[in-house]
Amino acid sequence: MTEIITYHLTATGVWGYEFYNTDRKLIGSVYSVVAPSAPVRIESGELKWYSRFDIDTKIIPGTGRRVKENQTGEEIYRIIYWQPGLYQVRTKDDRSIQVEIRDGSYLFGKPMTPVTAMTERITEAEWVPKKHYEVKPYFRTTVYEDVSDEYLLMALSFPALRMC
């Protein structure tokens with residue numbers, strides 16, 4: 001079992017999240033500028049992705065948001081909205097993960113099986129990184145199984161990328 005704390009970051013004109021493991025080591029981030037349809041940058045180690053989403057898009061069942069590799073533009077995965085609180089993440093090799101938002105928690109896994117990871121909202125943490133901008137504890141993610149770095153980054157960045 002792995003636990004990761006997400007901190008919400010805000011400064012003039014930018015917002016983001018940083019992900020820290022229990023050793024207080026930065027393992028990844030999601031950043032964007034505050035502007036309509038600005039790209040969101042998603043990074044962890046060698047993984048460098050981005051996602052664009054037009055804010056004027058009408059969000060109906062089946063609406064998708066693509067996450068792409070930074071250098072090649074290749075689609076890594078797509079988040080698909082199905083109904084309030086229910087999403088699907090479909091990878092480039094057509095594997096599928098269900099994301100359900102229940103009581104403010106994000107549950108990641110396959111339907112009718114135990115969850116692989118759960119992200120829940122928090123307001124306090126034992127430690128907060130020192131930065132030159134506003135930093136608040138925001139999520140605690142518990143990963144119950146061994147997952148790939150790609151899966152972990154997808155789960156950690158999901159709250160920043162979901163469409164509604």
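Visitor: Which residue in β3 does Gly-16 stand opposite?
Guide: Tyr-31. This is a predicted model, by the way.

Visitor: How many bridges join β2 to β3?
Guide: Seven. Strand β2 covers residues 14–21 and β3 covers residues 26–33. The two run antiparallel.

Visitor: And what do the 12 strands close into?
Guide: A barrel. The order is β1-β2-β3-β4-β5-β6-β7-β8-β9-β10-β11-β12, with antiparallel pairing. From one strand to the next, the twist averages 20°.

Visitor: Let's go to β6. How many bridges join β5 to β6?
Guide: Two, in an antiparallel arrangement. β5 is residues 47–51, and β6 is residues 64–69. Tyr-50 sits opposite Lys-68 in β6.

Visitor: What about β6 with β7, how many bridges there?
Guide: Five, again antiparallel. Strand β7 spans residues 75–83. Gly-64 faces Ile-80 in β7.

Visitor: How many residues lie between β6 and β7 in the hairpin?
Guide: Five. Gly-73 is in that turn, and its phi is positive, about 80°.

Visitor: Where does the kink in α1 lie?
Guide: At Ala-155, shortly before the proline Pro-159. The kink is about 30°.

Visitor: Why is α1 largely enclosed by the rest of the structure?
Guide: Because 11 of its 13 residues are buried. Among them are Tyr-151, Met-154, Phe-158 and Leu-161. Ala-155 and Pro-159 are buried too.

Key. Residues are numbered from 1 along each chain as its sequence is written. This is a predicted model: local features need pLDDT of at least 70, side-chain atom pairs count only at pLDDT 80 or more; totals for chains, interfaces and linings use all residues. Side-chain values use heavy atoms; hydrogens and water are left out. The bend at a residue is the angle between axes fitted to the seven residues ending there and the seven starting there. Helices (H or I, at least four residues) and strands (E, at least two) are DSSP runs, numbered from the N terminus. Buried means under 20% relative accessible area, exposed over 50%, partly exposed in between (1.4 Å probe, protein chains only). Two strands pair if DSSP finds at least two bridges between them. Axes are lines fitted to C-alpha atoms, for helices over the stretch in contact, and angles run from 0 to 180 degrees between N-to-C directions.
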